[in-house]
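Take a look at the protein shown here. The report below goes from the whole fold to single residues.

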Amino acid sequence: MHPELLRTTMLPRRHTLALAALGLTVMLAGCARERLLGVETPDQIRPEDAASPQGAAAVRAGAMRDFAEFFSGTTNTGVNIYVGLLSDELINARPGADHIDQRAFNENTFPAAAWNKFANAYTQTVRAVRALNQYAPAGATRNRDIGQLYALQGITFNIAGELFCNGVPLSTVNDAAPEAATLVTTQQMYQRAIAQADSALATLGTAATDQNFRYLARIAKARAQLNLNQLDAAAATVSAGGDGASSIAIPTGWQYQVEYSQTTLVNTIFDWMVNTANFGPSDREGGNGLDYRTARDPRVNITTTSRLGQDGSTQVFTILGYANGSAPTTLVSGVTARMIEAEAALRRNDVALWLSKLNEARADATVRSLRGIGASPDVLPALTDPGSADARITLMFRERAFWFYLTATRVGDLRRLQRQYGRAASAVWPTGAYFKGGTYGNDVTLTPSFAERNNTAFAGCSDRNP
């Protein structure tokens with residue numbers, strides 16, 4: 001294996017997740033009947049292939065790739081596109097994908113692979129942790145690699161809990177003795193996210209090389225606490241002391257980015273929204289959607305001219321900032337920490353602290369630089385108190401929407417607006433007449449893939465409530 005395929009790039013206050021690919025060449029020697037009729041799987045790593053330090057490293061590399069594919073990879077689009085379509089972030093401009101955009105999800109219609117991508121990311125990270133524990137040499141490097149995988153599992157469970165319905169099947173990932181899947185509720189998905197984040201923090205060291213992953217784990221834990229309506233606990237996790245008495249608050253300018261490749265795993269935003277006009281940024285979609293395009297907010301940079309979409313009828317504007325297929329995508333950042341602290345303050349009715357946390361993110365020089373935002377105070381002016389409790393909640397979630405655009409966050413936030421803040425679906429989600437004809441449906445979640453109907457443990461979602 002080429003050593004560069006496993007390289008992880010570390011930058012000051014910013015982390016990029018390097019991808020990996022495993023290439024296996026199978027030579028056919030001779031023409032014996034059993035060789036000609038035999039079935040080989042050169043693209044699969046069998047358990048026995050991982051029974052060495054090199055094999056364990058390969059399994060880890062594959063797991064990292066599967067997570068990148070799940071989040072924003074090009075095959076059948078990344079989960080960030082699914083979240084964008086189901087929410088108010090994106091409109092569909094390709095044949096066949098209206099069912100997601102229209103909130104009438106059909107598990108038999110393309111694209112419907114979000115569940116499969118989640119399942120791959122989940123099972124492969126579990127296998128990678130096992131392989132590393134069994135075969136990798138003990139020490140700081142192994143702990144760091146395992147801790148990173150645990151943290152990514154925490155993020156994976158959060159996204160799955162936010163996107164999928166209640167009561168989904170999860171495998172035990174026991175390759176030696178496969179068992180029936182366990183049905184997991186949405187609440188249990190978030191509890192698993194916390195458990196994996198805690199495992200990451202218990203495994204990782206305190207060296208500088210581990211710090212990026214400790215931040216990632218703290219964000220994963222706090223996001224799950226937020227989803228469980230434990231706002232004060234979430235704020236404590238990301239603030240000073242959240243990782244031990246001497247720990248600092250997660251820096252606002254810190255970012256963890258998932259990295260892609262022009263030749264092996266292309267960024268789905270570039271491939272499906274820039275290179276081809278399959279999906280485009282929304283603007284006030286279904287009445288309740290935010291003005292992502294016309295707001296001209298530098299956090300969501302969109303062209304001022306449109307082009308014809310792949311369906312031959314929809315005019316599509318193009319998201320900027322993704323120059324090619326290897327463009328990275330931010331998974332989480334220190335801004336996430338500030339938004340969590342702000343929301344917790346708002347829940348306590350500490351309006352001054354709430355507003356200061358929102359403006360702290362807007363004023364951070366590192367954040368502005370990484371996002372290409374100019375230094376002028378007029379670009380992201382300081383916010384002022386809108387004056388009422390309801391308006392403050394609206395502003396809180398608007399800030400989250402623009403900061404976290406296309407990071408697989410918005411569906412979870414819209415569901416929380418219903419579940420935790422009592423807002424009606426008709427006031428939160430795109431609703432009414434659909435721009436291609438017909439009306440919006442009522443879906444606020446996606447379901448597992450149709451193939452899961454063959455799973456004896458799964459008879460369908462327990463419910464599809466927010």
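## Overall fold

Take the contacts with a separation of 6 or more: 71% of them are between residues 24 or more positions apart. The model is a predicted one. Its secondary structure comes to 16 helices and 10 strands. The protein has 466 residues, and 54% of them count as buried.

Ala-451 and Asn-108 are 343 residues apart along the chain, but their C-alpha atoms are separated by 9.3 Å. Ala-451 is found in the segment after helix H16 (425-428). Is Ala-451 buried or exposed? Ala-451 counts as exposed, because its relative accessibility is 51% and the cut-off for exposed is over 50%.

## The nonpolar core

In soluble globular proteins, nonpolar side chains tend to be buried together. Here, the largest nonpolar core has 126 residues. Phe-71, Phe-118, Leu-163, Phe-164, Leu-216, Leu-331 and Trp-354 have the most contacts inside this core.

Follow one of them, Leu-163.

## A helix with a buried face

Helix H9 spans residues 231-238. Which residues of H9 are buried? They are Leu-231, Ala-234, Ala-235, Thr-237 and Val-238. Seen down the axis of H9, these buried residues fall within an arc of 155°, so they line one face of the helix. They pack against helix H8 (208-227) and helix H11 (334-347).

## Two loop residues with positive phi

Asn-229 lies in the loop between H8 and H9. Asn-229 is not a glycine, yet it has a positive phi of about 70°. With a relative accessible area of 37%, Asn-229 is partly exposed.

Leu-406 is also not a glycine, and it has a positive phi of about 60°. Its place is in the loop between H14 and helix H15 (410-419). Leu-406 counts as buried, because its relative accessibility is 1% and buried means under 20%.

## The second largest pocket

The second largest pocket has a volume of about 550 Å³. Its lining has 23 residues, and Leu-320, Gly-321, Tyr-322, Leu-370 and Arg-371 are the closest to its centre.

Strand E6 (255-258), strand E10 (329-333) and helix H14 (389-403) each supply at least two residues of this pocket's lining. By class, the lining has 12 nonpolar, eight polar and three charged residues.

## Cavities inside the protein

How many cavities of 30 Å³ or more does a search of the whole structure find? The search finds five. The largest cavity has a volume of about 140 Å³. It is lined by 15 residues. Leu-331, Val-332, Thr-336, Phe-404 and Thr-409 lie nearest its centre.

H8, E10, H11 and H14 each supply at least two residues of the largest cavity's lining. E10 gives the largest share, four residues. By class, the lining of the largest cavity has seven nonpolar, five polar and three charged residues.

How values were computed
Residues numbered from 1 in each chain as written. Predicted model: local features only at pLDDT ≥ 70, side-chain atom pairs only at ≥ 80, totals over all residues. Heavy atoms only, no water. 1 Å grid on protein atoms, 1.4 Å probe; cavity = no way out; pocket = protein on both sides within 12 Å on 5 of 7 lines; lining within 4 Å. Points joined across faces, edges and corners; volume = space filled by probe spheres on them. Nonpolar A, V, L, I, M, F, W, Y, C, P; charged D, E, K, R; others polar. Buried < 20%, exposed > 50% of the residue type's maximum accessible area, 1.4 Å probe, protein only. Arc of directions from axis to C-beta. Contact = heavy atoms within 4.5 Å. Core = buried A, V, L, I, M, F, W, Y, C linked by side-chain atoms within 4.5 Å.
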